[in-house]
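User: I'd like to go through how some labels in this model were reached. Could you set the values against the cut-offs for me?

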Amino acid sequence: MPTIRQQIIDLLTQESHDVRELSQALRISEKEVASHLDHVNKSVASQKRKLQVYPATCAECGFTFKDRKRLTKPSRCPKCRSQRIQSPRYRVV
Ligand SMILES: [Zn+2]
């Protein structure tokens, strides 16, 4: 039985996922997924791979949250104040 972290790596190697999709696939909370992602980042680095992050974007104005370091989704757009934010997506490359 692979660990949750290994399952996350497997899923993200196959295709990109956001936190919600991972939480549904693995039946754990989004908060747990976010905390695992931090470690996934470190463990794939030791295999000369990396966790590629496709930043969250605003669905209204297209603002991209490029500089965001945290792995969770921002709640609103700093530019137009919209709350229609598309979650960041992750992939192991
Ligand atoms: Zn916006």
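Analyst: Happy to! Keep in mind that this is a predicted model.

User: What makes C58, C61, C77 and C80 donors of the zinc ion?

Analyst: Their SG atoms lie at 2.3 to 2.4 Å from the zinc ion.

User: Why is the site of the zinc ion called tetrahedral?

Analyst: The angles among its four donor atoms are 105 to 114°. For reference, the ideal angle for four tetrahedral donors is 109.5 degrees.

User: How are the donor residues spaced in sequence?

Analyst: The pattern is C-x2-C-x15-C-x2-C. C61 and C77 both sit in the loop between β3 and β4, so this pair ties together parts 16 residues apart in sequence.

User: Why is C77 called buried, and what is C61 called?

Analyst: Buried means under 20% relative accessible area, so C77 at 0% qualifies. C61 has 35%, which lies between the 20% and 50% cut-offs, so C61 is partly exposed.

User: How do you know that S23 is buried?

Analyst: Its relative accessible area is 9%, and the cut-off is under 20%, so S23 is buried. S23 belongs to helix α2, where V19, L22 and L26 are buried too.

User: What makes these buried residues line one face of α2?

Analyst: Viewed down the helix axis, they fall within an arc of 100°, so they line one face. They pack against α1, β1, α3 and β5.

Terms used. Residues numbered from 1 in each chain as written. Predicted model: local features only at pLDDT ≥ 70, side-chain atom pairs only at ≥ 80, totals over all residues. Heavy atoms only, no water. Donors = N, O, S within 2.8 Å, 3.2 Å for Na, K, Ca; no water. Tetrahedral: all angles 85-135°; square planar, octahedral: opposite > 155°, others 65-115°. Helix = DSSP H or I, 4+ residues; strand = E, 2+ residues; numbered from the N terminus. Buried < 20%, exposed > 50% of the residue type's maximum accessible area, 1.4 Å probe, protein only. Arc of directions from axis to C-beta. Contact = heavy atoms within 4.5 Å.
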